[in-house]
Amino acid sequence: MNVLNEWTALACKELGIDPAAVDRDLILDLTKEVAHGVARPAAPLTAYLLGLAQGSGSAPEDAVAKLITMAKNWGEATAETLTDD
């Protein structure tokens with residue numbers, strides 16, 4: 001078993017989550033897009049926010065797709081408003 005599989009299985013067990021309910025590859029794609037398109041520290045924060053939204057039942061069906069699109073368009077969307085201050 002590779003490290004990522006083992007970690008996922010153990011973390012799911014600890015949290016009482018069915019590992020079959022976790023789309024690990026989709027979450028990894030999301031965090032990759034956020035890390036590259038927005039900022040590296042935004043990746044775990046985004047995954048956490050997604051988990052909170054899903055846990056509260058407020059996440060839309062296509063939440064991951066929406067977040068990936070936001071990350072891919074981040075530079076264009078914030079070109080005029082984002083500063084280094």
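Close-up 1. At 42% relative accessibility, Lys 32 is partly exposed, a class that lies between buried (under 20% relative accessible area) and exposed (over 50%), with a 1.4 Å probe and protein chains only. Glu 33 is also partly exposed, at 22% relative accessible area. The two side chains meet in a salt bridge, 3.9 Å from N to O. The term requires a side-chain nitrogen of Lys or Arg within 4 Å of a carboxyl oxygen of Asp or Glu. Side chains of opposite charge can pair when their charged atoms come close. The structure holds 2 salt bridges.

This is a predicted model, in which local features need pLDDT of at least 70, side-chain atom pairs count only at pLDDT 80 or more, and totals for chains, interfaces and linings use all residues. Residues are numbered from 1 along each chain as its sequence is written, and side-chain values use heavy atoms, with hydrogens and water left out.

**Close-up 2. The salt bridge of Asp 62 and Lys 66.** Here the N to O distance is 3.7 Å. Asp 62 is partly exposed, with 37% relative accessibility. Lys 66 is partly exposed at 44%.

Close-up 3. Helices are DSSP runs (H or I, at least four residues), numbered from the N terminus. Angles under 35 degrees count as roughly parallel, over 145 as roughly antiparallel, 65 to 115 as roughly perpendicular and the rest as oblique. Axes are lines fitted to C-alpha atoms over the stretch in contact, and angles run from 0 to 180 degrees between N-to-C directions. The crossing is right-handed, that is, the near helix is turned clockwise from the far one by less than a right angle. Helix 2 contributes Ile 27, Leu 30, Thr 31, Val 34 and Ala 35 to the contact, which means heavy atoms within 4.5 Å. Helix 3 brings Ala 42, Ala 43, Thr 46, Ala 47 and Leu 50. By class, 8 residues are nonpolar, 2 polar and none charged.

**Close-up 4. Helix 2 against helix 4.** The axes of helix 2 and helix 4 (residues 63-72) come within 8 Å and cross at roughly 20 degrees. The pair is therefore roughly parallel. This crossing is left-handed. Leu 26, Ile 27, Leu 30, Glu 33, Val 34 and Gly 37 of helix 2 meet Val 64, Leu 67, Ile 68, Ala 71 and Lys 72 of helix 4.

Note on methods:
Helices (H or I, at least four residues) and strands (E, at least two) are DSSP runs, numbered from the N terminus. Ala, Val, Leu, Ile, Met, Phe, Trp, Tyr, Cys and Pro count as nonpolar, Asp, Glu, Lys and Arg as charged, and the others, Gly among them, as polar.
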